[in-house]
Amino acid sequence: MLIDVVDQYDSEKKKYLKELRTKIILQLSTQQDHKKIVTFLSKAWIINLEDIEKKVYIGFANDFMLSNAKKIFNKSLKETIQTVYNPQYTVEYIVYPPFSNWNDLLIDLWTLLNIKPQEKKPINPISKSLKDELYDYFWILFDPTFRFDNFVAWANNQFAYSAAKAVAENPWNAYNPLFIYWNVGLGKTHLMQAIWNEIISTQPDKVIIYLPATKLVDEIVQSLQHNKMSTLMRKFDDVDALLIDDIQFLAWKDKTQEIFHNIFNDFQSKKKQIIISSDRPPKELTQIEPRLKTRFALWLVADIQAPDYETRIAILQSKLEVKQETIDSELLWIIAQHITSNVRELEWALNILLTRKNLSWNEISENDVYACLQTLWYSPKHTNIYTPKWKSQNFDTIVEMVANYYSISIAELKSDSRKKEITTARQILMLIAKKHFRRTLEKIWMYFWGKNHATAIYAISNIEKKLKSDEDIQRDYQIFTEWVEQ
Ligand code: ADP
Ligand code: MG
């Protein structure tokens, strides 16, 4: 392949090609508008001189440059080559990905053609209005709840999480490009948008674009239809970091892949950040053209597996915190036991239950959870609820242990006795119920018979106050929470 050949050129050959290019540009500049030359030929190089077919191969950084150069310079470029190189040769135009050693071939056309620097297009910072226009244009599907602080990292996704965090904190310098993959519903979009969110706040004058691949396909198809490819490509020129979600949707779309390939090459040559997500590893992207696929495989590839049981519970709890809601831990355990491989479905289950709770004003029961699981096509296993390792005790057992500890009976605990020891034990248990078992206040109140649920609120705030100053209570509370976690 030509690409390999160019890579292997020795410095003599590179020098020769560079000089030839200089001659061609200078010759061309006697007849053509200098600004057009700079605009459309600054990213064009002589790739090869083909002696058998008698062709001069000119490579362009992208389709847009190629088609414009062909339109504007076709005849004069051919004549120029025949004048400065060889009268028998013709020109062949190809899109060629720029790669690092092309810098050797780079000539500053501005200097060569003696164009004053103030005529150069300003590169940075881009104007506010253009930035706004870009954001409007790229139509960001943005969910403000997709942040790093509510993304639960677990052992199997620690690597992806750290890589994403590193890129977010140090874009352009950490991992570039980055390829993130795992199954649907496991947090790709969450992580991509968390990166986007973070860069956007720390690098306010840069343009960071998050684009679902389906949207990219739409944009490209529209631009092709309306002959506006050049406008689209120019917009990408102003983008500093590009995040493309769900790259697998580019499958089968040959033309789109080609354009995408050009955009990517351009980004890579300019060391602009690229992050891609996919629902499968690079080698399994069967309908993506091989040269793209191979390149993805060379990037930093971060994958994860489904979260384990404890993590699933932690995710449910984190979602409840975002929503400022509570559901009994024991019910969360049932959900996490059934929904094992898809975080999105965990969240659906939670939403169904919360809607039910808010519509009926009733506490959610185990039956509600089973009904919800059935709605989501899970067949509930009613027996043997598997409690998480770190919470092997159920609340009744703890109540029993605490009663024994203080040598009081459960009946006394549940009575309205105001004896100091009983009150303390009851209040500590209420706090444990709330904090460690995520019991709702209504449930706590029902458990301990309280007159109304203000009693539970009072009891908990009272014991929390005492915990700050009373060492005995601190010690006892510490012992009991260790029991919970045994
Ligand atoms: P994908 O893009 O991989 O299909 P999403 O990013 O849309 O998945 O995730 C689906 C849902 O699951 C989102 O609501 C997301 O917030 C949540 N989610 C996935 N992984 C996690 C995690 N590790 N911590 C918190 N929420 C998560
Ligand atoms: Mg997604």
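Here is a short tour of this structure, one selection at a time. Keep in mind that you're looking at a predicted model.

**Stop 1: ligand 1**

Start by selecting ligand 1 and zooming in. You'll find it sitting in the second largest pocket. Now show the residues around ligand 1: there are 18 of them, and G185, T189, H190, K319 and E347 come nearest.

Let's click through three of those. With G185, look at the backbone: one of its N or O atoms is 2.6 Å from an oxygen atom of ligand 1. For T189, switch to the side chain, where a polar atom lies 2.8 Å from an oxygen of the ligand. H190 also uses its side chain, with an N or O atom 2.6 Å from a ligand oxygen. How much of ligand 1's own 560 Å² of accessible area does the protein cover? The protein covers 95% of it.

Next, colour the helices. Which elements give two or more residues to the shell around ligand 1? They are α8 (188-202), α13 (309-323) and α15 (343-360). If you colour the shell by class instead, you get eight nonpolar, six polar and four charged residues.

**Stop 2: S341**

Select S341, in the loop between α14 (329-338) and α15.

**Stop 3: Q324**

Hop over to Q324, in the loop between α13 and α14. This residue has a positive phi of about 50 degrees, although it isn't a glycine. Its relative accessibility is 73%, so Q324 counts as exposed.

**Stop 4: K54**

K54 is another non-glycine residue to check for its phi, which is positive at about 60 degrees. You'll find K54 in the loop between β1 (44-50) and β2 (55-60). With a relative accessible area of 30%, K54 is partly exposed.

**Stop 5: N176 and P177**

Select N176 and P177 together and look at the bond joining them. It's a cis peptide bond, with omega at about -5 degrees. P177 belongs to the loop between α7 (158-169) and β4 (178-181).

**Stop 6: N462**

Finish in helix α21 (residues 453-469), where you can pick out N462. Why does N462 count as buried? Because its relative accessible area is 16%, and buried means under 20%.

Key: Residues numbered from 1 in each chain as written. Chains lettered and ligands numbered in written order. Predicted model: local features only at pLDDT ≥ 70, side-chain atom pairs only at ≥ 80, totals over all residues. Heavy atoms only, no water. Near = heavy atom within 4 Å. Polar contact = N/O pair within 3.5 Å; in protein donor to acceptor, adjacent residues only side chain to side chain. Areas by Shrake-Rupley, 256 points an atom, 1.4 Å probe, with all protein chains shown as cover. 1 Å grid on protein atoms, 1.4 Å probe; cavity = no way out; pocket = protein on both sides within 12 Å on 5 of 7 lines; lining within 4 Å. Sits in = over half its atoms within 2 Å of the grid points. Helix = DSSP H or I, 4+ residues; strand = E, 2+ residues; numbered from the N terminus. Nonpolar A, V, L, I, M, F, W, Y, C, P; charged D, E, K, R; others polar. Buried < 20%, exposed > 50% of the residue type's maximum accessible area, 1.4 Å probe, protein only.
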